[in-house]
Amino acid sequence: MPELPEVETVRRGLQPALEGARLVKVEARRPDLRFPFPERFSERLTGKTVTALGRRAKYLTMHIENGPVLICHLGMSGSFRVEAAGSSDTPGIFHHERSKSVAHDHVVFDVASTTDERSRVIFNDPRRFGFMLFAEGPPDTHPMLAGLGIEPTGNALDGPLLASLLKDRRSPLKAALLDQRLIAGLGNIYVAEALWRAGLSPLREAGTIAGSAKKAKEQSERLAGAIRSVIADAIAAGGSSLRDYVQADGSLGYFQHSFAVYDREGEPCPKPGCRGHIERIVQSGRSTFYCRTCQR
């Protein structure tokens, strides 16, 4: 499932086509995806202007002039593409052919820019596990977004804040970092990479880096910095391409070429001076990759 950097990459790819554009026509080609479309879905969007395109954790938020906020989730295989009006070509360099079946083009936004240039933004989802819902009030009050924790981008997530989130938690550190109520948008891949950068074991008790001792403070600061940097690096690289994920322009992300531990079972640890190897274990039914030699 696409993680935060992938969703942010999609947002940035869609931004030029959607922000400030008028939704000339909106077509939902089936009654539902993961959930039924909201009542009067097309009617409430058609003719409106998109004032902003945002992201909260792994959700896209489309802010509509004098209308609801459209919350979008890509699900397992959902992706957007932007096409010039009247053309079936999708911009971007393809490394793997993507679905072009009209049967999987479930939502089509015909848009007009401020200079009346026409284009189409198409949501394609072969597995139909994505969804689009309306938030009638502030998006953060919607059930899908309410209760989400702090974003792992920017400098707000620092050592003291991370320590306060993990204080007295006895669950494994990896499990705590995946708790969306604490930090929103962190997923399996980037937690593994951040823990490796910070030199911390995914198995250690989360609360052990939340104490008042100098060592615990250093560990929480190091981990906070590792989380911010791995997310920033992944966004800069266009995300990671795992199975179905594609960017808005149809091309694939490249951060997977920079993985230090994820999906590298048996390989030597890339940390300078470390003689360990990457191991794979299972935590809560999900694969964890780490080096037991340098991650303590």
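Predicted model: local features only at pLDDT ≥ 70, side-chain atom pairs only at ≥ 80, totals over all residues.
View 1. A disulfide is a covalent bond between the sulfur atoms of two cysteines. Cys-291 has 0% relative accessibility and therefore counts as buried. Searching the whole structure gives zero disulfides. Cys-269 is likewise in no disulfide, and its nearest cysteine sulfur, that of Cys-294, is 3.7 Å away. With a relative accessibility of 6%, Cys-269 counts as buried because the limit is under 20%.

View 2. Four strands form an open sheet in the order 2-3-4-8, and their pairing is antiparallel. Strand 2 (50–56) and strand 8 (131–135) are the edge strands, each pairing on one side only. From one strand to the next, the twist averages 20°. Six bridges join strand 2 to strand 3 (residues 59–64) in the antiparallel sense. Ile-64, in strand 3, is the bridge partner of Val-50. Helix 1 packs on this sheet and touches both strand 2 and strand 3. The direction of helix 1 makes about 175° with that of strand 2.

**View 3. Helix 1 and its surroundings.** Helix 1 covers residues 4–18, 15 residues in total. The distance from its first C-alpha to its last is 20 Å, close to the 21 Å expected at 1.5 Å a residue. Eleven of the 15 residues are buried, so helix 1 is largely enclosed by the rest of the structure. Among the buried residues are Leu-4, Val-7, Val-10, Leu-14 and Leu-18, and also Glu-6, Glu-8 and Arg-11. Just after the helix, Gly-20 has a positive phi of about 85°.

**View 4. The largest nonpolar core.** This core has 43 residues, and those touching the most other members are Leu-162, Leu-166, Leu-173, Leu-177, Ile-183, Leu-223 and Ile-227. Helix 3 (159–166), helix 4 (173–177), helix 5 (188–198) and helix 6 (214–236) are the elements that each give two or more residues to the core. Another core, of 29 residues, lies apart from this one and includes Leu-33, Leu-60, Val-111 and Phe-134.

**View 5. Contacts of Ile-183.** Leaving aside residues up to four places away in sequence, Ile-183 touches Gly-149, Ile-150, Pro-152, Leu-157, Leu-162, Leu-165, Leu-177 and Ile-227. Ile-183 is itself one of the residues that touch the most other members of the largest nonpolar core.

Definitions and conventions. Residues numbered from 1 in each chain as written. Heavy atoms only, no water. Core = buried A, V, L, I, M, F, W, Y, C linked by side-chain atoms within 4.5 Å. Buried < 20%, exposed > 50% of the residue type's maximum accessible area, 1.4 Å probe, protein only. Contact = heavy atoms within 4.5 Å. Expected span 1.5 Å × (residues − 1). Pairing = 2+ DSSP bridges. Axes fitted to C-alpha atoms, helices over the stretch in contact; angles between N-to-C directions. Disulfide = S-S within 2.5 Å.
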